[in-house]
Amino acid sequence: ESVRNIFSKLELYYYVKIHVQNTRILNFPYTGKFRTKDGVEHALKVLQLRHQFTYTKDNDTNTIVIK
């Protein structure tokens, strides 16, 4: 599944908005599973192992910015 689709699902599951500045990663494929109980940040850290990006999270607006 593409990273774009994964981010869309993360937005739905965790009620966050994800803004992607580093758009080159959106079409990269990823295979694997995440447990929803582990949280959105765990999923992002797992994705970071394969794809180079950084992110910031604003808890006040419930927004994550992928850089």
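A polar contact is a pair of N or O atoms within 3.5 Å, one able to donate a hydrogen and the other to accept it. The legends below refer to a predicted model.

**Close-up 1. Glu11 and the residues that follow helix α1.** Glu11 is part of helix α1, which spans residues 3-14. A polar atom of the Glu11 side chain lies 2.7 Å from the backbone nitrogen of Ile18. Leaving aside residues up to four places away in sequence, Glu11 touches Val16, Lys17 and Ile18.

**Close-up 2. The packing of helices α1 and α2.** Two packed helices are described by the angle between their axes and the distance between the axes. Here α1 packs against helix α2 (residues 40-50) at an angle of about 165°, and the axes are 10 Å apart. Because angles over 145 degrees count as roughly antiparallel, α1 is described as roughly antiparallel to α2. The crossing of α1 past α2 is right-handed. On the α1 side, the contact is formed by Ile6, Phe7, Leu10 and Tyr14, and on the α2 side by Val40, Ala43, Leu44 and Leu47. Of the residues in this contact of α1 with α2, 8 are nonpolar, none is polar and none is charged.

**Close-up 3. The aromatic pair of Phe7 and Phe53.** The structure holds 2 aromatic pairs. In the pair of Phe7 and Phe53, the ring centres are 6.4 Å apart and the planes stand at 85°, so the arrangement is edge-to-face. This pair links distant parts of the chain, 46 residues apart: Phe7 belongs to helix α1, whereas Phe53 belongs to the loop between α2 and β2 (55-58).

Methods: Residues are numbered from 1 along each chain as its sequence is written. This is a predicted model: local features need pLDDT of at least 70, side-chain atom pairs count only at pLDDT 80 or more; totals for chains, interfaces and linings use all residues. Side-chain values use heavy atoms; hydrogens and water are left out. Helices (H or I, at least four residues) and strands (E, at least two) are DSSP runs, numbered from the N terminus. Contact means heavy atoms within 4.5 Å. Axes are lines fitted to C-alpha atoms, for helices over the stretch in contact, and angles run from 0 to 180 degrees between N-to-C directions. Angles under 35 degrees count as roughly parallel, over 145 as roughly antiparallel, 65 to 115 as roughly perpendicular and the rest as oblique. A crossing is left-handed if the near helix is turned anticlockwise from the far one by less than a right angle, and right-handed if clockwise. Ala, Val, Leu, Ile, Met, Phe, Trp, Tyr, Cys and Pro count as nonpolar, Asp, Glu, Lys and Arg as charged, and the others, Gly among them, as polar. Rings of Phe, Tyr and Trp (its six-membered ring) pair if their centres lie within 6.5 Å; planes under 30 degrees apart count as stacked, over 60 as edge-to-face and the rest as tilted.
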